[in-house]
Amino acid sequence: MEKIAVTVKGIVLNEAMEIALVNELQQGEKPPGWGFPGGKVNEGENTENALKREILEETGIKIEILDIVSQKNVPHQDGTNEQKTYFLCRALDGGDPERKVKGETEGWGWHPLNNLPADLYRSHKYILYNWKSENIREEVMSLIWWHFKK
């Protein structure tokens with residue numbers, strides 16, 4: 001029987017168009033580095049609620065989900081098939097700058113899109129690069145600003 005893990009990640013932007021990134025500790029095969037906040041979807045939980053819960057736990061930020069940016073399946077060496085969904089989100093507040101998740105993160109911070117950490121996970125760089133280069137960036141930014149002005 002195939003093992004399936006459903007995970008969610010948020011590309012969370014604030015009014016200054018900065019992105020929230022968490023500084024993750026090494027966990028198993030995964031090296032330490034900066035990445036999008038998010039995590040596993042619990043049994044009986046939908047992806048949207050899981051994303052809101054995970055981002056609140058990791059950053060203290062309350063979010064509004066705007067759109068799905070990417071979905072992909074990632075096979076792991078242990079036989080697990082990870083189903084990842086990346087969402088575009090609007091930050092509804094500034095979060096808790098001192099927030100850390102014991103054993104998972106060293107903290108988090110806001111980063112300008114044009115000055116991202118050198119050790120941002122490669123897969124997350126790829127998601128951002130593709131999102132920014134698909135000629136939808138202006139349309140997405142307009143959508144985000146429209147939501148901020150509500």
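Colleague: What do the side chains of Glu24 and Lys9 meet in?

Modeller: A salt bridge, 3.7 Å from N to O. Bear in mind that the model is predicted. The pair links distant parts of the chain, with Glu24 in strand S2 and Lys9 in strand S1, 15 residues apart.

Colleague: Are Glu24 and Lys9 buried or exposed?

Modeller: Both Glu24 and Lys9 are buried.

Colleague: How many salt bridges does the count come to?

Modeller: Six. Glu45, Arg53, Glu54 and Glu57 are linked in a network of them.

Colleague: OK, Arg53 then. Where is it found?

Modeller: In helix H1, residues 47–59. Arg53 pairs with Glu45 at 2.8 Å, N to O. Arg53 also forms a salt bridge with Glu57, where the closest N and O atoms are 3.4 Å apart. Arg53 and Glu57 sit four residues apart in H1, about one turn of the helix.

Colleague: Why does Arg53 count as partly exposed?

Modeller: Because its relative accessibility is 22%, and buried means under 20%. Glu57 is partly exposed too, with 39%.

Colleague: Leaving aside neighbours within four places in sequence, what is Arg53 in contact with?

Modeller: Lys40, Asn42 and Glu45.

Colleague: Switching topic. What volume does the largest pocket have?

Modeller: About 1,000 Å³. Its lining has 28 residues, and Gln27, Lys30, His76, Glu82 and Lys84 lie nearest the centre.

Colleague: How do the lining residues divide?

Modeller: Five are nonpolar, ten polar and 13 charged. Elements supplying at least two lining residues each include S1, S2, H1 and helix H2.

Technical notes: Residues numbered from 1 in each chain as written. Predicted model: local features only at pLDDT ≥ 70, side-chain atom pairs only at ≥ 80, totals over all residues. Heavy atoms only, no water. Buried < 20%, exposed > 50% of the residue type's maximum accessible area, 1.4 Å probe, protein only. Contact = heavy atoms within 4.5 Å. 1 Å grid on protein atoms, 1.4 Å probe; cavity = no way out; pocket = protein on both sides within 12 Å on 5 of 7 lines; lining within 4 Å. Points joined across faces, edges and corners; volume = space filled by probe spheres on them. Nonpolar A, V, L, I, M, F, W, Y, C, P; charged D, E, K, R; others polar. Salt bridge = Lys/Arg side-chain N within 4 Å of Asp/Glu carboxyl O.
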